[in-house]
Amino acid sequence: MLVRRRMLKLARGASGPVAATALLSLCATAAGAGQAVALAETIRRALISGAPDPAGVGGPLAVTGLLVVLRCLLLWGRDQAANRTASLVRARLRLRLADRLLDLGPGHTVTRPAGTLRTTIADGVEAIRAYVGFYLPQVVVSLGGPLIVVAVLTWQDPVAGAITGACVVLVPASRPFWRRIMGARSQRHWAAYEDFAARVLDALQGMTTLKALGATGVYGHRLRRDALALYRATMGDLAASSAVYVISAFLLTAGTALSVVVAAIRHSTGQLDAAGLLLVAWLTAEAFRPVLELQNYWHEGFHGLAAGKGVFALLDADAPAPAPVAPVTRGPSNRPPRLVLREVTFAYPGAHPGTGRPALRGVTLEIEPGTTLAVTGRSGSGKSTLVNLLQRYFDPQSGRILADGVDLRDLDRDEVRAMTAVVAQDTYLFHGTVADNLRLARPDADLATLREAARRARILDVVDGLPDGFDTVVGERGARLSGGERQRIAVARALLKDAPVLILDEATSAVDGETEAALREALGELRAGRTTIMIAHRLSSLIDADLVAVLDDGRLVEHGAPADLAGRSGSWSDLVAAQSGVTR
Amino acid sequence: MTSASPAVKGRGVAGLLRVLSGHLRPFGLSVLFAVVNQAAGMSAVVLAAAAAGRALSGAGTAELWPMFWWTLGLTALRAAANWVESWISHELSFRVLAQIRQWLYGAFARIAPGGLVRRRGGDLVVRALRDSESLEIFYAHTSIYIAAALVVTPSAVVAMGSIGGLRAAVALAPWLIAALALPLALRRAGTRHGADLNRALTAMNVEVTDLVHGLRETLSFGGGPDLLARLRAADRRLASAERRQSLRAGLETVAGGIAIGGASLSVLVTGLDGGLPAPALLASVALAGAAFTPITMLLNVTRVWGITSDSADRVFDLLEEPAAVADTGAAALPVLTGPPAVEFDQVVFGYDETRPVLRGVSLTVPAGTTLALAGATGAGKSTLAHLLLRHFDPAAGAVRVGGVDLRDLPLDDLPELVCHVPQEAFLFHDTLRANLELARPGASADDLAHACADARVTPFLERLSDGLDTVVGERGAALSGGERQRVAIARALLRDRPVLVLDESSSQLDALSERELQAALDRVGNGRTTLVIAHRLTTLRHADLVAVLDHGRIADVGGHAELLARCEPYRRLVQAQADAAALLDGRPRPDDDARR
């Protein structure tokens with residue numbers, strides 16, 4: 001049976017509804033048994049009296065009919081209760097996971113593939129819903145229901161009871177036994193199958209590239225060949241893993257049919273009376289009903305268990321930047337802080353590419369309030385890591401980051417987040433209108449405020465040109481904005497947020513030259529009176545900084561005013577040379 | 001997997017069944033064994049009841065033992081048939097799924113990328129594959145149970161006739177029909193509920209996507225509580241869709257239960273009335289119950305029918321999606337002695353009719369030169385490249401390569417002429433070598449080494465653990481954007497086609513990467529006619545010609561310096577970068593230079 005103790009805990013808080021579902025289901029089994037008893041009695045009276053006696057048969061016949069209806073109603077109630085339970089469990093679990101993710105923060109998504117997380121919270125939770133709502137109650141019923149029926153059977157005829165009882169126990173018990181034998185093969189089969197599905201996905205997503213390379217034929221042929229190879233390799237496994245069905249099908253039929261024939265033989269030798277034989281004949285099938293239904297829910301059980309792994313991984317994840325025990329506040333002021341990095345060393349935890357190597361090594365920097373620091377360096381040199389740490393997605397392993405002398409670790413997390421506004425290389429737009437996306441930064445802003453922010457972010461014309469202006473739905477299933485347009489939305493958000501620290505992470509990388517020039521003006525206004533950290537490659541952005549820091553392989557290698565650095569030979573002058581097209 | 005999907009024109013069941021027509025043998029075998037499985041199971045139960053009846057009529061042990069062995073034999077037969085059925089039916093679904101994937105591949109090959117632009121929203125590919133997988137249950141179970149029920153259920157009625165007489169058969173039949181008819185009558189509602197449920201699930205997935213992918217923004221703006229509220233609301237909508245679905249499904253359960261009970265009682269009463277002997281009476285009542293097995297199994301799997309047919313509809317939609325361009329050309333490729341000229345002649349194009357993107361563009365890229373397209377976002381640079389790659393065809397005017405209108409060429413021949421280096425180079429989750437060899441199957445080690453050296457792939461190859469045999473990860477995640485683009489350039493070098501379309505990455509690169517990329521680009525443009533969508537100053541400077549696109553028209557064509565001097569839109573575009581470079585380089589500003 002696909003039950004693990006921890007999975008049961010997911011049903012906690014819904015144990016009442018789970019129990020109610022199981023109880024309704026048990027009552028339905030009891031009604032089914034009663035139905036069989038009444039039917040047996042009807043036939044007994046008819047056969048023993050020799051000729052049908054309407055009065056004698058009428059009673060049990062009516063009872064049988066009533067029990068048929070009652071059983072159906074109970075099953076209907078069970079279905080509805082199961083559905084309710086399932087919904088309840090899902091709502092709780094999904095919110096719990098969402099809450100957990102919000103607590104873990106972006107640090108968690110930096111180190112883990114976001115796709116997996118999405119699958120866990122979207123599909124995984126649905127699988128758990130079915131597991132707790134449908135599979136678990138059925139497990140209870142498949143344990144209790146047959147027990148009642150077999151007890152009645154044994155009371156009538158121990159031999160028939162023993163046969164049915166053995167078969168009922170062996171049907172579910174035989175599955176894990178077979179699975180253990182077939183498990184490795186079957187798992188290999190599924191792993192290969194999923195690998196192949198991933199390759200097809202890969203091919204379809206890369207179709208534009210395949211077409212451009214004129215390789216659709218070649219690649220398609222390769223996929224077809226692999227599909228064939230996979231098919232050949234797994235058919236043997238499939239034949240073996242399907243053998244699970246042999247035993248359960250055999251036991252099922254043996255339990256319902258052979259036990260009846262055995263009872264008939266025992267009647268002929270006088271060991272069982274007519275009433276007993278009739279009862280055995282109609283009741284044995286009832287013992288298997290719950291077990292059969294459990295098999296119908298096997299998928300729910302299997303997928304639920306599989307989904308549990310992802311769910312528990314999220315619930316058990318270490319917070320990369322836990323909330324402080326005794327949070328300190330920097331005060332309500334909106335004045336720009338003095339930011340200091342002192343000997344900061346940091347390596348990404350977990351499966352981040354480049355694990356084990358520190359992304360930052362002993363970086364020390366001071367950013368005076370209201371000034372702009374530009375950070376540049378090769379990709380992988382640690383720029384983005386610096387930004388991640390300044391927003392406290394992670395805590396450094398050694399060294400400290402201070403805002404006005406207070407360690408970020410001790411500051412209230414909401415305050416850290418409220419302190420900074422970020423314009424990133426890629427900005428996420430939520431499913432909703434443009435106005436919704438802007439109001440995220442300032443919920444009470446009226447349309448005039450939004451328009452003004454959009455105008456300053458050089459995005460107003462674009463928004464006005466959308467089919468419904470500020471009410472146009474954007475995001476995953478809405479209108480798409482280009483990378484440059486999204487960046488400008490982010491600038492508008494930053495304007496609306498009005499935070500004392502501004503982080504510009506390649507903020508104008510995706511806009512064209514003309515827009516960039518205009519946007520730089522806007523960002524220039526935005527920087528006034530704020531402490532700004534700017535990550536950039538383009539000289540046109542870097543020259544606006546008070547201070548330039550050049551990172552290389554996690555170390556701070558150059559550091560000074562742009563004009564001062566220009567004179568020296570080093571990374572900075574390389575950059576100038578590359579971008580101005582001059583070789584030195 | 002390039003075979004075009006055959007006309008799968010049907011919708012729903014008809015369409016799904018038509019797919020089966022290519023797999024009749026495994027389908028027939030699955031149905032055969034399903035019939036044996038169900039019939040043997042049913043017979044065993046009926047035989048056992050008959051044995052009980054005989055015992056009640058006073059039969060001796062000697063008469064009952066043969067019935068025991070028969071029952072045992074039927075039981076074994078059933079178990080064996082069950083095994084074979086489940087094996088072959090899984091094989092069937094495996095093959096059908098492979099087939100549908102093959103068709104999807106063909107469909108995507110036909111409509112990508114132009115047709116995909118039209119179908120915005122969601123991750124189309126992921127959804128298409130998920131949809132095709134949800135058809136598995138149809139091919140592994142539903143289709144087989146339908147066919148088996150068609151055989152076994154009437155046989156059960158006939159058997160009832162021979163055991164209990166015509167009256168018993170007549171008593172059974174209406175209940176069987178009712179058990180099948182009610183769910184079928186509810187099917188329309190089921191389809192609607194399935195669609196509702198899918199919609200609610202999709203809406204929920206959007207919220208989850210917002211949660212996971214928008215986590216930075218949510219936390220930065222304190223949007224957590226709001227997002228949780230939205231999740232809660234999406235959950236409520238989903239729960240209410242499920243409630244409706246569950247109420248209907250429950251009704252089907254009730255109908256099934258009542259029908260089975262009703263059938264048993266009707267047959268019993270008819271039998272008692274007709275004075276059937278005990279063996280026949282018991283056997284017919286047992287058969288009345290067992291006759292519903294095929295229908296119950298069928299209804300169990302069709303409960304998710306709404307979801308299946310919804311998925312099937314979407315898959316078929318995609319298979320029938322027309323290509324973005326009509327592949328009607330039959331002209332031979334032009335015979336080239338050197339790189340051909342590329343000509344845009346009065347080209348007009350818009351993605352929708354109300355908003356033209358290109359309004360009469362005439363432009364020639366002289367043979368063997370590099371022309372850089374400059375222009376603000378939305379000016380039409382990428383669209384022009386799309387037309388040269390025939391992702392779309394112009395609404396008016398023509399695109400010619402070496403004097404041949406592209407529409408006159410078979411679509412499959414275009415890659416022989418034109419090679420594309422996209423802005424976001426897509427790398428397959430495979431080794432670097434496999435990714436490169438796609439461009440030239442059977443490339444020698446020398447070819448690869450040269451291409452890697454020229455495209456500046458070699459410098460970062462050393463960093464990779466297994467060199468060319470390093471697996472690059474999903475979408476090439478193990479490489480940086482600049483590195484991926486250099487791999488794309490190496491591919492173009494291996495392709496070695498006379499015309500090159502280069503969509504320069506708009507994201508910023510660090511100094512060293514930028515220089516390496518430029519070196520690679522210089523190398524790949526050599527001896528080819530190249531159209532570059534330019535974002536970087538260095539590219540504009542290196543190009544033979546620069547064409548300035550402004551609101552769908554060519555504003556000017558000329559060299560970089562010339563344009564700086566005379567073309568105002570161009571100056572606005574590059575001023576900022578040019579200024580900064582000049583300032584820090586301690587040289588005079590380029591426009592001062594030009595003005596002087």
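# Questions about a two-chain model

Me: In which element of chain B does Gln346(B) lie?

Reply: Residues are numbered from 1 along each chain as its sequence is written, while chains are lettered from A and ligands numbered from 1 in the order in which they are written. This is a predicted model, in which local features need pLDDT of at least 70 and side-chain atom pairs count only at pLDDT 80 or more, whereas totals for chains, interfaces and linings use all residues. Helices (H or I, at least four residues) and strands (E, at least two) are DSSP runs, numbered from the N terminus. In these terms, the element that holds Gln346(B) is strand S1.

Me: Is Gln346(B) buried, partly exposed or exposed?

Reply: A residue is buried if 20 or more other C-beta atoms lie within 10 Å of its own, exposed if 12 or fewer, and partly exposed in between, with C-beta atoms placed from the backbone. Gln346(B), which has a positive phi of about 50° although it is not a glycine, has 13 other C-beta atoms within 10 Å, and therefore it is partly exposed.

Me: How many C-beta neighbours inside 10 Å does Val348(B) have?

Reply: Val348(B) lies in strand S1 (residues 342–352) of chain B. Leaving aside neighbours within four places in sequence, Val348(B) is in contact (C-beta atoms, placed from the backbone, within 7 Å) with several residues, including Pro356(B), Leu358(B) and Pro394(B). Val348(B) counts as partly exposed because its number of C-beta neighbours inside 10 Å is 15.

Me: How far apart in space are Val348(B) and Arg553(B), C-alpha to C-alpha?

Reply: Along the chain, 205 residues separate Val348(B) from Arg553(B). In space, C-alpha to C-alpha, the separation of Val348(B) and Arg553(B) is 9.6 Å.

Me: Is Arg456(B) buried or exposed?

Reply: Arg456(B) has a positive phi of about 60° although it is not a glycine, and it lies in the loop between helix H17 (445–454) and helix H18 (458–461) of chain B. Because Arg456(B) has 23 C-beta neighbours inside 10 Å, it counts as buried.

Me: Are H7(B) and H12(B) roughly parallel or roughly antiparallel?

Reply: Axes are lines fitted to C-alpha atoms, for helices over the stretch in contact, and angles run from 0 to 180 degrees between N-to-C directions; angles under 35 degrees count as roughly parallel, over 145 as roughly antiparallel, 65 to 115 as roughly perpendicular and the rest as oblique. The axes of helix H7 (residues 166–185) and helix H12 (residues 293–302) of chain B come within 11 Å and cross at roughly 5°. That crossing angle is why H7(B) and H12(B) are roughly parallel.

Me: How many residues of chain B are in contact with chain A?

Reply: On the side of chain A that touches chain B, helix H3 (residues 54–104) of chain A gives the most, with 22 residues. Altogether 135 residues of chain A take part, and the number in chain B is 134.

Me: What separates the centres of domain 1 and domain 2 of chain B, taken over C-alpha atoms?

Reply: The domain bounds come from an automatic or database domain assignment, which divides chain B into domain 1 (12–320) and domain 2 (342–426 + 498–558). Taken over C-alpha atoms, the centres of these two domains of chain B are separated by 54 Å.

Me: Which element of chain B has the lowest mean pLDDT?

Reply: The predictor's confidence in each residue, from 0 to 100, is called pLDDT, and chain B has a mean of 85, with 92% of its residues at 70 or more. Over residues 586–596 of chain B the pLDDT is below 50. Where pLDDT is low, the predicted coordinates should not be read in detail. Among the elements of chain B, helix H2 (residues 24–56) has the highest mean, 95, and the lowest, 40, belongs to helix H24.

Note on methods:
Contact = placed C-beta atoms within 7 Å.
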